[in-house]
Amino acid sequence: MAANSSSTVSKPSNITGGKQSGPSAEQVGLYNEAFCNFVQSNVVAAFQRMRSEQRSMASKAAELEMEINEHSLVIETLKDVDPTRKCFRLVGGVLVERTVKEVLPALGSNKEQISKIVESLNTQMQTKGRELTEYREKYNIRLVGEGEEGQGKSAASSNGAGSKGGAGVLVS
């Protein structure tokens, strides 16, 4: 009985005659395709993140520009008012009673500080714009709707999963 059980155990057979076969051409193609998709998705994600950062900077700059305009309006209004007249100022959510002569210099300095911040944001946006342009050129990124209509549609279909390294990335 013991001899029977030991004789039924067989060694694993190797069909290729002792040599291990590598992945098939189809498997290599699938691996390459998956890798290209992975790289493209990372490139697109980085590009989208950079665009989002630039948009948020632009939004913040526009918001601060509105604050500068509001400060200018208040300064113009208070300029012709008696300096001893009392006025109210919102400080940290609390309405504080002050005089015009106390508030005008504070408004002027706030306006200057906000202007400096806006200038800084504009410089950062220009830098980010140059980075985006370099990134687009490096990875041949095209935006949807950019260029001719027919060319954009054909580019979208040619940038499928099996695209080569020289092909661009289409971003919507």
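**Close-up 1. Cover over the buried residues of α3 in a predicted model.** Contacts to these residues (heavy atoms within 4.5 Å) come from elements including α2, β1 (86–91), β2 (94–99) and β3 (141–143). The buried set in α3 is V100, V103, A106, L107, I114, V118, L121, M125, K128, G129, L132 and Y135. Buried means under 20% relative accessible area, exposed over 50%, and partly exposed in between (1.4 Å probe, protein chains only). Helices (H or I, at least four residues) and strands (E, at least two) are DSSP runs, numbered from the N terminus.

**Close-up 2. Packing of α2 against α3.** Helix α2 (residues 25–79) and helix α3 (residues 100–139) pack at about 160 degrees, with axes 8 Å apart. Axes are lines fitted to C-alpha atoms, for helices over the stretch in contact; angles run from 0 to 180 degrees between N-to-C directions. The two helices are therefore roughly antiparallel (over 145 degrees). By class, their contact has 24 nonpolar, 10 polar and 10 charged residues. Nonpolar covers Ala, Val, Leu, Ile, Met, Phe, Trp, Tyr, Cys and Pro; charged covers Asp, Glu, Lys and Arg; the others, Gly among them, are polar.

**Close-up 3. N140, after α3.** N140 lies in the loop between α3 and β3. Its phi is near 55 degrees, a positive value in a residue other than glycine. N140 is partly exposed, with a relative accessible area of 33%.

**Basis of the views.** Residues are numbered from 1 along each chain as its sequence is written, and side-chain values use heavy atoms, leaving out hydrogens and water. In this predicted model, local features need pLDDT of at least 70, and side-chain atom pairs count only at pLDDT 80 or more, while totals for chains, interfaces and linings use all residues.

Conventions
Angles under 35 degrees count as roughly parallel, over 145 as roughly antiparallel, 65 to 115 as roughly perpendicular and the rest as oblique.
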